[in-house]
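Open your viewer and keep the selection tool ready. We will go stop by stop.

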Amino acid sequence: MNAHAHRLACRLAAIVVLATAAAVVSSAALATGKSCMPVVRDAWVRLPPGNMPMMAGFGRIENRCGMPATVVRASSPSFASVELHETKLIDGVSRMRPVPELRLEPNGAAVLKPGGLHLMLMKPSAPLNPGSRVVLQFELADGGKVLGEFEVRKAVP
Ligand SMILES: [Cu+2]
């Protein structure tokens with residue numbers, strides 16, 4: 001290899017290293033920017049006993065991003081309507097109230113579980129069977145949309 005070819009090879013190698021570094025930086029920027037979305041985990045739908053047209057959905061909505069996120073709406077092609085509810089014990093009586101929005105702190109999570117926060121799923125478009133899955137869509141205040149897969153389970157008495 002003559003001196004000129006050697007210099008050229010070194011310069012090319014340097015350019016490749018720079019390009020790789022730039023790619024790493026931009027993917028890190030994406031992870032902390034708008035493309036970072038909350039995720040839905042351990043999600044399930046509790047089948048009601050009998051043929052009630054209303055059932056509850058539970059799970060975790062995790063925000064692993066550096067920015068807060070707010071869930072403002074939930075919907076599903078499998079249900080006529082989906083509402084976010086909270087069950088609270090008021091004067092010894094268990095009551096449900098709608099939750100208009102759900103704020104997720106940076107690196108925080110909302111836990112939806114029996115007796116607390118839950119999704120109220122109304123009028124399934126088709127009968128649901130244990131083991132099947134339904135998809136729910138959560139709309140964020142910034143317009144982002146998060147999909148969650150919910151496993152249908154029988155209510156444990
Ligand atoms: Cu409810």
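Select Asn 107 to begin. Asn 107 sits in the loop between β6 (102–104) and β7 (108–112). Check its backbone: phi is near 55°, a positive value in a residue other than glycine. Most residues other than glycine have a negative phi.

Now zoom out to the whole chain. Remember that this is a predicted model. Colour by element and count 1 helix and 10 strands. The chain has 157 residues, and 19% of them are buried.

Next, colour by confidence. The average pLDDT is 84, and 78% of the residues score at least 70. Select residues 15–33, where the pLDDT is below 50. Beyond near neighbours in sequence, this stretch has 3 contacts in the model.

Move on to strand β1, residues 39–47. Which strands pair with β1? One is β2, which runs antiparallel to β1 and is joined to it by 6 bridges. Pick Val 40 and look across to Ile 61 in β2, which stands opposite. Another is β10 (residues 145–154), which pairs with β1 in the parallel sense over 4 bridges. Select Trp 44 there: its bridge partner in β10 is Glu 151.

Follow the hairpin of β1 and β2. It has 6 residues between the strands, and Gly 50 takes a positive phi near 75°.

Stay with β1 and click Asp 42, which lies in this strand. Its phi is near 50°, again a positive value in a residue other than glycine. Is Asp 42 buried, exposed or partly exposed? It is partly exposed, because 14 other C-beta atoms lie within 10 Å.

Now select the core. The largest nonpolar core has 22 residues. Val 45, Ile 61, Ala 74, Leu 119, Leu 121 and Leu 136 touch the most other members. Elements giving two or more residues to this core include β1, β2 (54–63), β3 (69–75) and β4 (79–90). Also on that list are β7, β8 (117–124) and β9 (133–140).

Finish on Val 45. Leave aside its neighbours within four places in sequence, and its contacts include Met 55, Leu 121, Val 134 and Phe 150. Across the chain, 64% of contacts between residues at least 6 apart in sequence join residues at least 24 apart.

How values were computed:
Residues numbered from 1 in each chain as written. Predicted model: local features only at pLDDT ≥ 70, side-chain atom pairs only at ≥ 80, totals over all residues. Buried ≥ 20, exposed ≤ 12 C-beta atoms within 10 Å, placed from the backbone. Contact = placed C-beta atoms within 7 Å. pLDDT = per-residue confidence, 0-100. Core = buried A, V, L, I, M, F, W, Y, C linked by C-beta atoms within 7 Å. Pairing = 2+ DSSP bridges.
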